[in-house]
Amino acid sequence: MTNDLEAHLDTLLNEAVAEHRRRKDELSRASWGLNVGAIALSACTTVLLGLHIDGAYLDVSRNIALVLSAALTLIASVNMFWGIDKYWMRRKVIYNDLVVLKEEFDYVRAMRGPGMRKEMEEIFGSYLHILRKHTDYWEVRERRTSVAVLPLPTGRSEYSTS
């Protein structure tokens, strides 16, 4: 029975570590891309608006600066709305917790002591606790966004005149 538990826990931890590493790396790249894109667009807009160009190029440079500024606003809005940096850090903490738990699991497995089953069960409990951190994050986010669309608690319509 302990071997089944051990094999199952090993599979769970390996898959969780791999999945969270992949997602953490994706979010890191997305965060980096959005932030560097915002910096580049901001710099280009500043340069275009600061140039003293005469003639027809003045209107063209202003129009390009306007488009770059709109793209910068879009990137900043997406970054603020999704909170990619915060989510990336959250995913990184969960990943690090899973790596530490995997190390603990490997250590307990190498010891092969008489209390191994109890320790494996504790590691499984820790694994579930780590995953709940991720679930709790999404539940809190969902509650925050759904508050705006919930009906009024009194049962009265906000549009009623009485």
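Among contacts in the protein (heavy atoms within 4.5 Å) between residues at least 6 apart in sequence, 79% join residues at least 24 apart. The model is predicted: local features need pLDDT of at least 70, side-chain atom pairs count only at pLDDT 80 or more, and totals for chains, interfaces and linings use all residues. Residues are numbered from 1 along each chain as its sequence is written, and side-chain values use heavy atoms, with hydrogens and water left out.

The protein contains 4 helices and 0 strands, where helices (H or I, at least four residues) and strands (E, at least two) are DSSP runs numbered from the N terminus. Along the sequence, the pattern reads α-α-α-α. Of the 162 residues, 26% count as buried; buried denotes under 20% relative accessible area, exposed over 50%, and partly exposed in between, with a 1.4 Å probe and protein chains only. The accessible surface comes to about 11,400 Å², and carbon and sulfur atoms account for 62% of this area.

Salt bridges were assigned where a side-chain nitrogen of Lys or Arg lies within 4 Å of a carboxyl oxygen of Asp or Glu. The count by this rule is 13 salt bridges. One of them is formed by Asp10 and Arg109, whose closest N and O atoms are 3.0 Å apart. Asp10 is buried, at 16% relative accessibility, whereas Arg109 is partly exposed, at 23%.

Salt bridges also occur within individual helices. In one of these, the side chains of Arg23 and Glu26 meet with an N to O distance of 2.8 Å. The two residues are 3 apart in helix H1 and are therefore separated by about one helical turn. Both partners are partly exposed, Arg23 with a relative accessibility of 24% and Glu26 with a value of 29%. In helix H4 (residues 116-146), Lys118 and Glu122 are 4 residues apart, about one turn of the helix. Their side chains form a salt bridge with an N to O distance of 2.7 Å. Lys118 is exposed, having a relative accessible area of 53%, while Glu122 is partly exposed at 44%.

Through shared partners, salt bridges join Glu6, Asp10, Lys102, Asp106, Arg109 and Arg112 into one network. Within this group, Glu6 lies in helix H1 and is buried, with a relative accessible area of 5%. Polar contacts were defined as pairs of N or O atoms within 3.5 Å; within protein, one atom must be able to donate a hydrogen and the other to accept it, and residues adjacent in sequence count only if both atoms are side-chain atoms. By this criterion, the side chain of Glu6 is joined to that of Arg109 by a polar contact of 3.4 Å and to that of Arg112 by a polar contact of 2.7 Å. When neighbours within four places in sequence are set aside, Glu6 is in contact with Phe105, Arg109, Arg112, Met116 and Met120.

Technical notes. Accessible areas come from the Shrake-Rupley method with a 1.4 Å probe; for residues, only the protein chains shown count as cover.
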